[in-house]
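Visitor: I would like to go through the labels used for this structure and ask what stands behind each one.

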Amino acid sequence: MFAAPSATIWAMADITEVPATDVPDGAILIDVREDDEWAAGHAPGAIHIPLGEVPSRFGEITDASDGEVYVVCRVGARSARAATWLAENGVEAINVGGGMSAWADAGRRMVSEDGAGPRVI
């Protein structure tokens, strides 16, 4: 179904971007932040794949959805890079503009893994 992915994720291209408020409940959401950022707070049900691991974990993303995949980071830059790479490799990837900062500002639900209240770091 998908061709073998390229190994680099540095190029940027035009991709679809939506505000955090427009991510549908139940959407496939890939969080590309680092481990400490994820542990501090993330969207419930999100899949954690740090940006540097996206190419090597491509199969997890394609296994999770054969449709739209939303990609998020802290403010939207890393997720835009990941979404661009995913789109170039055949995934219908949508960047979440403003990232988890916008998610939290919109009052969307978050959970944490570190025992403290969920927050964006």
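Guide: This is a predicted model, in which local features need pLDDT of at least 70, side-chain atom pairs count only at pLDDT 80 or more, and totals for chains, interfaces and linings use all residues. Residues are numbered from 1 along each chain as its sequence is written, and side-chain values use heavy atoms, with hydrogens and water left out.

Visitor: Why is Asp-31 called buried?

Guide: Buried means under 20% relative accessible area, exposed means over 50%, and partly exposed lies in between (1.4 Å probe, protein chains only). Asp-31 has a relative accessible area of 0%, so the residue is buried. Arg-33 also has a value of 0%, and therefore counts as buried.

Visitor: What makes the contact of Arg-33 and Asp-31 a salt bridge?

Guide: The term asks for a side-chain nitrogen of Lys or Arg within 4 Å of a carboxyl oxygen of Asp or Glu. For Arg-33 and Asp-31 the N to O distance is 2.8 Å, so the pair meets the rule. Side chains of opposite charge can pair when their charged atoms come close.

Visitor: How many salt bridges does this rule give?

Guide: The count is 6. Glu-53, Arg-57 and Glu-60 are linked in a network of them.

Visitor: Are Arg-78 and Glu-37 buried or partly exposed?

Guide: Arg-78 is at 21% relative accessibility, so the label is partly exposed. Glu-37 is at 9%, so that residue is buried.

Visitor: How do you know that strand S2 and strand S4 pair?

Guide: Two strands pair if DSSP finds at least two bridges between them. Strand S2 (residues 29-31) and strand S4 (residues 68-72) have 3 bridges, in the parallel sense, so they pair.

Visitor: Why are strand S1 and strand S3 called edge strands?

Guide: The 5 strands form an open sheet with parallel pairing, in the order S1-S5-S4-S2-S3. Strand S1 (16-19) and strand S3 (47-48) each pair on one side only, and these are the edge strands.

Methods. Helix = DSSP H or I, 4+ residues; strand = E, 2+ residues; numbered from the N terminus.
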